[in-house]
Each structure stands twice: as C-alpha cells, then as structure tokens.
Amino acid sequence: MKISSTLLLLMGVRWPRILTPKQLSQIIQSQKNPLKALQIFDEAKCKYPTYRHNGPVYGTMINILGRSGRTTEMKRIINLMKEDSCECHDTIFVNAIRSYSQAGLTNEAIFLFKSLTQFNCIEWTRSLNTLLEILAEESKLESVYQLFLENSCGWEVRSRARLLNLLMNVLCRMKRSDLALHVFQEMSYQNCYPNKESYRILMRGLCEEKRLNEATHLLYAMFWRISQKGNGEDVVVYRTLLEALCDNEEGEEAIQILGKVLRKGLKAPKRCYKHIDLTECRNGTDTEYMKVLINEALIKGIIPSSDSYGAMAVDFYAEGKIDEGNKVLKEMHDKGFKPSAVIYEAKVAALFRDGQVDEAIMVIDCEMVQKNCVPNIRLYNVVIKGLCHEKKSISAVKYLERMSRQVGCVPNYETYETLVDGLCKDGKYVEASKVMERMSINSFWPRAGTLNYLIQGLCQVGDLHIAIMCLEDMISLALTPDIHVWQSLLDAICSENGINEASFKTLEQLQTPYRSI
C-alpha cells in the first residue's frame, strides 16, 4: 500500500487532548521540515473544530516559511490571516517584508505593506521603517520618498523621528541636502524633534555638497538645542564640519569653530584644553596634518566619559583612521576608562578591512584579555567573517569553539553560515559538514545554496558518504537540490563503483523522495 506524502509528513506528531495556539506554535517550531510544519498548521483546524489560529501562531508559521524561502506558501498563510481577521502584530509584517526582500521580491513587499489596511493591525511603524530601509539599501530612492509621503502622516505610524531621519539620509544620498534641511526644519511640526542622528545625517550631507555655510549654522543650532549641557558624543558631528572646512582650505575658520566647539559645544573644563597648541595649524600646514592636529585637540578637549570616547573611537575606526582611533583608546585608558566591546568590534573590523589580520587577532586574543573585556557575539562574528575573507577559515573554527565555552555567548545563524561558507570556499568540505552538523543540532537550518555547494565539494574530494548524508538533510528540509548536485553525485558514484547496476540503484534511491513533489 502506498502511503501519501501528506500522511508521511504528519506521522510522529503527538497531538494534545485540547489544542491551544501556544501549543501549536511550539509543535511547528520543533519541526525541521517547513512543509511538515505547514501540514501540521493546516491539519489543526480539522482535528479540533473549535480551535482558531491567533496572531502569534500565524506569525510563527509565516516566519518559518519566510526563513526557508517558501514565499508562495507564506503568501497563502498571510491571506488566511487576513480572512480570519485576527489581531496581528506589526512584527509579523516586518518578518514577511524581509523574507520577500531576501527572495528578491521587493514588489511583493511593497504590495503587502500597501494592503495592511485589510488586516487587523493597528500600528505599522516598524513595517514602514523596515520597508523604507530595504528600498534605501536597494537605491530605490524615489520609491522611498513616495512611500514616505503616502504613509508618514497616518495614525498607524506612531513614531516619526526614525522615519524622518531615514528620509533625510535618502535625500542626502540623492545629493539633495537642501531638501533634507527643509525636512529637518519641519520636524517639530511632525510632533518630533531632531536627535543626534538627525544632526549627524544632515551635517554629513551638507558637508559632502560643500554647503558649509548651512553646515556652520546647523552646528550653532546644535549648541543651543542638544549640547546645552555639553555632550562628548556630539564630537562626531563637530568633527565632520571641521574636516570639511580643512578640505575646503578654510583652516582659519576651522580653528575658530574648534575653539567654540571646545568651549560651547563640548563645554569641557578649561583644564581639559588649556594646553592645546594650535599655532601649527596657522603656519601653512597641509590639509591632512591640520586634520590630525584638530582631531588631537578634540581628543584632549573632549569631556572625559566612556560614551564620548567610545563615540569618537568608533567613528575613527569606521572611517579607517586606525591610528586616530588608537589615540582615543590611549587617552581613554590614561583617564581611567575601560573600552567597551563595541569599540573593540569597530577596531577589529577596521584592521581586517585594512588587511592587518594578525593585528586584529591580537586585539581579541591579547589586548582585550589585558583590559579584562569579554568579547560578545557581534565581535566573534566580525573575527570569523574577517578570517574567512582572508581564507583562514580553519583558524576561524577555533573561535566557534571559544564561543561555545563562553557563558552567555551562543553562536547564531550568522556565525554558522559565515563559517560553513568560508570553509567551503577554502576547500575544507569535511570540516564544513561538521560545523553544519553542529548548526543543525542548535536548530539552525542551512540554505539550499549552502547545501548545494557543500555536496558538490564533498563529491569532488571523494567523500561520497558525507555527501549523501547532506543530501538527506536537504530532503528533510524540503529543499530541492540543484541539477549540478545530481551530476556531481553521479560522477562520484561512477568513479567509486564504476558504471554498473549498483550505481544506478543508488541514484534511484536518492531521487525517490522527489518523485512526489
């Protein structure tokens, strides 16, 4: 008797006597195969006539399907949720929009957002923010502007500060800082006020377009609005203008504004900057050296605090100015402040970008240990990504082991995916399969592309047994192997056994699960 694929999927599920949405969420989350989870989700209403799905269980199912790239099935569940008219949270649509984007279906994401009026959802703030950020990353700047105009004033959008900052950022990227300045000036009429990020975005946009007069007025407005008590974190914004003035050969103006920054903006005590000597800046100094002198003045004149030093160090490292960032760290240490993991994350990333691999490793292995600073998951991921990029994936595996031993630091999907991809690119396919096994144990499932690449690599190195095990993993995840995977398997089987009946039997067994798809 032939057993249907649906019945096979549902075998092994232990249904409770009374089903609740929370129990169903737990059941489908425990499934490795997204199609099996979907079958269980659909079967629930048939088995329990009085049962009804709620928003959270719909969200769980949509998230499972979205993560596995099954956007067609995800769309069906979204439509079911709409028909059920159950109350649903904004995060459900955030996840769906991201899934559409990752699948290259941005138009579907836009369509979903525009249809939110048909759902029982009372707030769209995060959905709108997410969609606009995705469109901005894809350089669809006109679409960002249009969506903002259509949706920013609705009662469903609660907080507008982030939206307005995003719009200003998009306008500055379009080289329309004049319009961004207009948005900035209108913020108070939108019941929100500029924050540090608002000033940073607009200052950078104005300076890039050499609108230095408006940038200077913005800096003075900043003194009055958000720097009245002096805030060292604002130094990042001040530095943008000072360096732009140097680039425009307005050194005298930069020196005058620096004095005002130290006195009025940072409001640092006089003892912090009374020994700063800027006479060298007036002696026909070249632009880059003048920047160095100004940055040193800001480092010495900054209000001593972890936040102010951290903001400046991270900004230097982000710009690739490693020496300047190190000077901030030294000043920080001299003043008795302990650098955070965020600062070291920026430093390590900068060193990897600059090709200083050994120096980057020294930071996490020695410098942080000496400063008694514990790495976090983000920092480990930066190290693993940097080593894999430099084709040192075997060294990166050691940091996975180190993470596993560290309390409170659990590898995430990015950790495993980066490491498996790096090992495959280095030709270390067996090691990649071992990492992927650990990945599966921790309930992280690899993408189809990763498995395709790994199986082909294992076939190339003649490890057919592990290749077939990985293929079985693909089957259990309801993923379809690429045509090149079958070709690699055929070549590997034939080279191992010769072209005989056994070879074709093996292939027949491997292809059987796909006959019913």
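Helices (H or I, at least four residues) and strands (E, at least two) are taken here as DSSP runs, numbered from the N terminus. By that assignment, the chain of this predicted model has 29 helices and zero strands.

Residues are numbered from 1 along each chain as its sequence is written, and side-chain values use heavy atoms, with hydrogens and water left out. Because the model is predicted, local features need a pLDDT of at least 70 and side-chain atom pairs count only at pLDDT 80 or more, whereas totals for chains, interfaces and linings use all residues.

Of the 517 residues of the chain, 49% count as buried, where buried means under 20% relative accessible area, exposed means over 50%, and partly exposed lies in between (1.4 Å probe, protein chains only). The accessible surface comes to about 26,200 Å², and 51% of it belongs to carbon and sulfur atoms; such areas come from the Shrake-Rupley method with a 1.4 Å probe, and for residues only the protein chains shown count as cover. With a contact taken as heavy atoms within 4.5 Å, 64% of the contacts between residues at least 6 apart in sequence join residues at least 24 apart.

Most residues other than glycine have a negative phi.
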